[in-house]
Amino acid sequence: MRDVRRAVDQHVESNPGVHFNELARNLDIATGQAQYHLRNLLKAGSLDTEEVRGRTHYFPPGYEPWEQRTIALLRRETVRSIIVEALEDPEPSAAGLADDLDVARSTISWHVSTLVDAGVAEKTYDRKGRSHITLTRPAETRRLLDEVTPSLPDRLVDRFTRLVDDTLVD
């Protein structure tokens, strides 16, 4: 038991923002076993959680809520791509993001709304009514970008979404 709990704790420490399914999959442990150990680690104060868009993400202590939300979102490939674009161009337009990332505008809109809801970005409009996003804390976002890489399953889900978008838009 202690070995599994230690493995769960170390996995969260090494992968801040890991979500439940990814943790269980990476450690090759049963769902119930993962729930049991996570619950005990949470009770002991060894972990923090943040729910973002229906997923619970686990963190070692020490991350503030904004950092937790940002890290959780950086684990999603499309959101990560939007953030990288916003770091390179401080006020990208939604239409420009859709073109640059080859993603449907509705998908960009959904992800931008997620970023805005999380306090990671703000949405503004220019004189022509085009929407643009601005990162609320670009320097800190850049620092967190280096801490997280989307998992393979997360990347596959994002790519599947893009495939569906391409099929429906064409």
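Select histidine 11 first: at 12% relative accessibility it counts as buried, where buried means under 20% relative accessible area, exposed over 50% and partly exposed in between, with a 1.4 Å probe and protein chains only. Histidine 11 sits in helix 1 (residues 2-14); helices (H or I, at least four residues) and strands (E, at least two) are DSSP runs numbered from the N terminus. Show its surroundings, leaving aside neighbours within four places in sequence, and the contacts of histidine 11 are Val18, Leu23, Asn26 and Leu27. Contact here means heavy atoms within 4.5 Å.

This is a predicted model, in which local features need pLDDT of at least 70 and side-chain atom pairs count only at pLDDT 80 or more, while totals for chains, interfaces and linings use all residues. Residues are numbered from 1 along each chain as its sequence is written, and side-chain values use heavy atoms, with hydrogens and water left out.

**Valine 18**

Move to valine 18, which lies in strand 1 (residues 18-19). At 0% relative accessibility, valine 18 counts as buried. Apart from neighbours within four places in sequence, valine 18 is in contact with His11, Val12, Leu23, Thr56, His57, Tyr58 and Arg75.

**The aromatic pair**

Keep phenylalanine 59 selected; at 0% relative accessibility it counts as buried. The structure holds one aromatic pair. The pair joins phenylalanine 59 and tyrosine 63, whose ring centres are 5.8 Å apart and whose planes stand at 55°, so the pair is tilted. Rings of Phe, Tyr and Trp (its six-membered ring) pair if their centres lie within 6.5 Å, and planes under 30 degrees apart count as stacked, over 60 as edge-to-face and the rest as tilted.

Tyrosine 63 itself is placed in the loop between strand 3 and helix 4. Not counting residues up to four places away in sequence, tyrosine 63 touches Pro16, Gln68, Ile71 and Glu147. From tyrosine 63 to threonine 49, 14 residues apart along the chain, the C-alpha atoms are separated by 10.0 Å.

**Helix 4**

Next select residues 65-74, which form helix 4; eight of its 10 residues are buried, so helix 4 is largely enclosed by the rest of the structure. Colour the buried ones: Trp66, Glu67, Gln68, Thr70, Ile71, Ala72, Leu73 and Leu74. These buried residues pack against strand 2 (48-52), strand 3 (55-59), helix 5, helix 7 (105-117) and helix 8 (138-145).

**Two arginines over rings**

At tryptophan 66, look for arginine 137, which lies over the ring face at 4.0 Å from the ring centre. Then go to tryptophan 110, where arginine 53 lies over the face at 4.3 Å from the ring centre. The criterion for a charge over a ring is that NZ of Lys or CZ of Arg is within 6 Å of the ring centre and within 35 degrees of the ring normal.

**Helix 5 and helix 6**

Show helix 5 (residues 77-88) together with helix 6 (residues 94-101): they pack at an angle of about 115°, and their axes are 11 Å apart. Axes are lines fitted to C-alpha atoms, for helices over the stretch in contact, and angles run from 0 to 180 degrees between N-to-C directions.

**Two loop aspartates**

Most residues other than glycine have a negative phi. Select aspartate 102, in the loop between helix 6 and helix 7: its phi is positive, about 55°, although it is not a glycine. Aspartate 102 is exposed, with a relative accessible area of 54%. Aspartate 28, in the loop between helix 2 (20-27) and helix 3 (31-43), also has a positive phi of about 55°. Aspartate 28 is exposed, with a relative accessible area of 71%.

**The whole chain**

Finally, zoom out to the protein chain, which has nine helices and five strands. From the N terminus on, the elements run α-β-α-α-β-β-α-α-α-α-β-β-α-α. Of the 170 residues in the chain, 43% are buried.
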